[in-house]
Amino acid sequence: MKKKLLIFLLGLPFLGYAQSFQVNLQGQKQIAMGGAGTGVALDEAAVFFNPGAVSFLKQNGVQAGISPLLLKTSFREAGSNITEHNKDKVATPIMGYAVFGSPASRLRFGLGIYTPFGGAMHWDENWTGKYTVTSLDLRAIFVQPTLSYKITDHIGIGAGLVYSNGHVDLRRAVPLTLSSGESGTAKLEGSTHDFGWNAGIYVETISGVSIGVTHRSSVNARVKDGDATFKVPDALLSSFPTKFTATLPLPATSTLGFGFYPSDKTTILFDVNWVHWSKYKDLSFDYDNNARIADTKSPRNYHDAAALRLGFQNQTTAKLVLRAGVGYAFTPVGVGYVTPEVPDADRVLLSAGLGYKASERFSVDLSFLYENVKTRSETNIETNLNGSFKTLAYIPGIALTYKW
C-alpha cells in the first residue's frame, strides 16, 4: 500500500498550454498572427514580445485583454473501446500593458501584466487515471516594469524585471477506501513568489526588414509550506503530511523574429522560439511527515524544443485591420513522460483576427486561436498509465486599447 501511495505522489505536475505548461497568449494582435511579434514594434504588448521595440512605438497607450481557453482532451486506455473526456472548464489568461514617456524621447517606459504559465484540467472523479489526477488549476501571473532606450534611430534595447506570482491546486484520488466505500482524496495547494527578467534588442535594417532578438529568463517557482489536505480513514490521517515544499522550473525562452513590409498596408511576421526545457530534469518534494509518504524525486527529463510562427497583417481600410497566422510547436516531453495533466505532443496552430479603430484614441482587437495537438499513445514510466491522448484547444480573445 505504501508503494502505491508513493507512486500516487510522485511528481506533482503543472499544466499550461501552447507547449507543455507554457502559455503563449500575451497579446491579441500577436495571437491572431500565430503568436509572432518579436521582430516588429507593433503595440503595447512589445513590453512582453520585445522590450527593445517599446522605444519605437509612435504613441503612448494602455491595453487590457483576456483569452478564455477551452481544452478538449480525450483518453482511451490501451485495450479499451471506451473514450474518456475532460470536463468543460475554461481558464482565463489575462494581459495588460502600458507604455508611457515622450514619443520624441529616446527613453520610454512600460509595464506588463500577463499570464505565461497557467491552465486548467478537470477529469471525472472516477476516471481511469484518478490516482494520477482528478483536477488541476494553475495560474502564474507575471508583472514586468520595463525600460526601453533607442540607441540610434534604427536600434533599440530594453529590459524588464519580472515578478512572478503563482498558485496551484492539484486534486487526486488516494488508493485507500473510506467507510463510505469511496476512494480517499488528496488536495495539494500552494503559492509562489519569484523573480526573473526579460530583455531584447530591436533593429530596423537599411533594407526595410526589422529584426528582434529577445531572451526571457527562467523562473524557479518555489512552493513553500504548501497545504496537503487528505481525506483518508481517520485511523491513518495522522500519518499523512499536512505541508509540502517543491520547485518547478519555468523555462527560459530565446526568440529571433523578423518583420517584412511588402507594402505600406501589409506586414509579415516570422518568429522562431527556442524554449530551454532541458532545465526541467526532475521535480522533488519534501513533506513534513514521512510516516506513510517519503520525500520524492520524480524524473521529467524534458528536452529543449522549438516553435515556428508566421503571421500576416493587412490594413484593409482606415479603421479595419485583418490578421491571420499559422504555427508549429514541437513537444519537449519525451517518451514515457506524458501525463494526464500535461498530455503534450507536437501541435499545429491556426489563428485569425481583426482590429477596429473606433476613434483616434480607442480601438478593439479580436483573435481566435485553434491548436490541434497530435494523438499520442504512451505508457507513463511512473504510473504505468497506458493509453492514447488527443487534445484540441479553442481560444477566443479580446483586447481594448486607449492611446494618447
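Predicted model: local features only at pLDDT ≥ 70, side-chain atom pairs only at ≥ 80, totals over all residues.
Asn384 sits in the loop that runs between strands β22 (362–379) and β23 (386–403).

**Residues with positive phi**
- Asn384 is not a glycine, yet its phi is positive, near 65°.
- Asn384 has a relative accessibility of 55%, so it counts as exposed, the cut-off being over 50%.
- Asp225 also has a positive phi, about 55°, although it is not a glycine.
- Asp225 counts as exposed because its relative accessibility is 55%.

**Gln30**
- Gln30 is part of helix α2, which covers residues 28–31.
- With a relative accessible area of 1%, Gln30 is buried, because buried means under 20%.
- The side chain of Gln30 makes a polar contact of 3.0 Å with the side chain of Asp43.
- Beyond its neighbours within four places in sequence, Gln30 is in contact with Gly35, Ala36, Gly37, Leu42, Asp43, Ala45 and Phe49.

**Cavities**
- The whole structure holds seven cavities of 30 Å³ or more.
- The largest cavity has a volume of about 160 Å³.
- Its lining is made of 20 residues, and those nearest the centre are Pro116, Phe117, Phe142, Arg216 and Ser217.
- Strands β2 (22–23), β8 (107–122) and β11 (183–204) each give at least two residues to the lining of the largest cavity.
- Sorted by class, the lining of the largest cavity has 11 nonpolar, eight polar and one charged residues.

Definitions and conventions
Residues numbered from 1 in each chain as written. Heavy atoms only, no water. Helix = DSSP H or I, 4+ residues; strand = E, 2+ residues; numbered from the N terminus. Buried < 20%, exposed > 50% of the residue type's maximum accessible area, 1.4 Å probe, protein only. Polar contact = N/O pair within 3.5 Å; in protein donor to acceptor, adjacent residues only side chain to side chain. Contact = heavy atoms within 4.5 Å. 1 Å grid on protein atoms, 1.4 Å probe; cavity = no way out; pocket = protein on both sides within 12 Å on 5 of 7 lines; lining within 4 Å. Points joined across faces, edges and corners; volume = space filled by probe spheres on them. Nonpolar A, V, L, I, M, F, W, Y, C, P; charged D, E, K, R; others polar.
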